[in-house]
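Here is a friendly walk through one structure, with the cut-offs spelled out as we go. Have your viewer open and follow along.

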Amino acid sequence: MSATESAAAVKYVTETPPEEIARVKEWINSEEYKEKNFARQALVINPAHGCQPLGAEMVAHGFEGSLPFTHGSQGCASYYRSTLNRHFREPAPAVSDSMTEDGAVFGGQNNLHEALENAVALYKPKMISIFTSCMPEVIGDDLTAFIKNAKQKGCVPEGLPVPYANTPSFNGSHVHGYDAMLLSILQTLTEGKQIEGRCTGKLNLIAGCDFNTGNYREYKRILEAFGIPCTVLGDISETFDSPCDGTYRMYAGGTKLEDAADSINGKATITLGPYATSKTFGWIKDNYSGKHASMPMPVGIEKTDAFLMKIAELFGKPVPASLKAERGRAVDAMTDAHQYIHGKKFAVYGDPDYLIAYVTFLLEMGAKPYHILCSKGSKKLEKEIQALLDASLYGKDCKIYMNKDLWHMRSLVVTDPVDAMIGDTHGKFAARDAGIPLFRFGFPIFDRVNLHRYPLVGYQGIINMITFICNKFIDIKDETCEDRFFEMMR
Ligand code: SF4
């Protein structure tokens, strides 16, 4: 059957006249509709976050030989895996105990035990990191008891670390799942490993719920320039960016388990992204040797400076000349590109730590983060962003929208226009309707290649962000200007 014939064969239950479609299309761009949209309470449309287990699975991949394990539904497990596959364009090997109707009625203990035995036999992991989907959380499965029983029954070999985290998705987002899983992994691996008087001399670095492999590499490069030995905890840089050389590695990369275990004896620990690491940092402060610092993502000049100064202070080393030169180049790039971004209005959305980063960067460039939206935010986040806005000339008139979704964002950008959006792929529909570019700096990015390989942190990150943004604005000018204004020089 041809496409025309099959289209003709479709019988609509309700026919909508073209005039009505045109009327509604126009109406949803109106102030009246925006008001109704913002009065909406019982429905979320296109939220700018994923569910808790997604973050839990991501960080579980960041340890050597770690097999992420979903206690819950197979469909949920497929969602986390496919989201990671599509973002990184890499495999995300993980398992699930595939709870179905009987599990929902009688509890998922049998599923969990059988799946653990199978996972050990088939995939020979060095660690199994378990987290939950909604279903076992709703029925109240007791994960602690189930895992204790599994160990007693011998479903997992003695000594195999089995960290686990409750990650109910009806509460929080992928950011909270990341924090909960990372905490459990560190608690499990470091148990009984603290040695009085021992110091590894290393920095432990936790990157936060960050899906950009380039950022992890950038942190390592910066620390190498300092000459400071480092353990990146939850290191996904190799896992999700391994070379294509004809060999499939089920467990590529990840933090070595012995390094993670010894991290409790580190000289210092820095967590980046306070909103994604609040529980983990709280526990580290009370349990890890050495000094501890929780810092925002080093995006933009001020926050990168603060990160480098903190490293210098913790290790009593000066900032290396090579990094000082990089700073100079970043400032030069900012100055060169200033004219293309200064005064431009942006709509930004995403995870709390990323939002702080976008707002900081835009204000430093003299741009306006005009609509700022977080779909899982808090009063604390709102206050912190407001303080950034208040401290800058360019923060005037910018507004923060907490716990709103991307359908709200659509209303904002069509009624009160901006020049561009910054966020993940889910915002492309609103950007298209508003006829503006979307700069994809968040997670997930499904519709562009390689962006997760370009760091946004550090001085190099500043240059990358400027390059993406300013060149796009210049492209638009070239594509839309009258012939007489089409110039060689821009
Ligand atoms: S929100 Fe719950 S049901 Fe939906 S994918 Fe996440 S864990 Fe599964």
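How many bridges join strand 9 to strand 12? Three bridges do, and strand 9 and strand 12 (residues 420-423) run parallel.

## Ground rules

What you see is a predicted model: local features need pLDDT of at least 70, side-chain atom pairs count only at pLDDT 80 or more, and totals for chains, interfaces and linings use all residues. Residues are numbered from 1 along each chain as its sequence is written.

Helices (H or I, at least four residues) and strands (E, at least two) are DSSP runs, numbered from the N terminus. Two strands pair if DSSP finds at least two bridges between them.

Now for the individual pairings. Strand 9 pairs with strand 10 (residues 368-374) in the parallel sense over five bridges, and here tyrosine 349 has leucine 373 of strand 10 as its bridge partner. Towards strand 12, phenylalanine 346 stands opposite alanine 420. Strand 10 is also joined to strand 11 by four bridges, again running parallel, with histidine 371 opposite lysine 399 in strand 11.

Is strand 9 buried or exposed? Five of the five residues of strand 9 (residues 345-349) are buried, so the strand is largely enclosed by the rest of the structure. Here, buried means that 20 or more other C-beta atoms lie within 10 Å of a residue's own; exposed means 12 or fewer, partly exposed is in between, and C-beta atoms are placed from the backbone. Both faces are covered, with Lys345, Ala347 and Tyr349 buried on one side and Phe346 and Val348 buried on the other.

Together with helix 16 (residues 352-364) and strand 10, strand 9 makes a right-handed β-α-β unit (with the strands pointing away from the viewer, the path from the first strand over the helix to the second runs clockwise).

Another open sheet has four strands in the order 2-1-3-4, with parallel pairing. Its edge strands are strand 2 (95-96) and strand 4 (164-165), each pairing on one side only. Strand 1 (residues 66-71) and strand 3 (residues 127-132) pair in the parallel sense over six bridges, and phenylalanine 69 has isoleucine 130 as its bridge partner in strand 3. Helix 4 (residues 52-60) packs on this sheet, touching strand 1, strand 3 and strand 4, and its direction makes about 170 degrees with that of strand 3.

## Around the ligand

Which residues are around the ligand? They are Cys51, Pro53, Ser73, Cys76, Tyr79, Ser133, Cys134 and Ser169, where a residue counts if its C-beta atom, placed from the backbone, lies within 6 Å.

## A look at alanine 268

Alanine 268 sits in strand 7 (residues 268-272). Alanine 268 counts as buried because it has 23 C-beta neighbours inside 10 Å. Leaving aside neighbours within four places in sequence, alanine 268 is in contact with Leu203, Gly290, Lys291 and Leu314 (contact means C-beta atoms, placed from the backbone, within 7 Å). Alanine 268 and leucine 314 are 46 residues apart in sequence and 6.9 Å apart in space, C-alpha to C-alpha.

Methods:
Two residues are in contact if their C-beta atoms, placed from the backbone, lie within 7 Å. Axes are lines fitted to C-alpha atoms, for helices over the stretch in contact, and angles run from 0 to 180 degrees between N-to-C directions.
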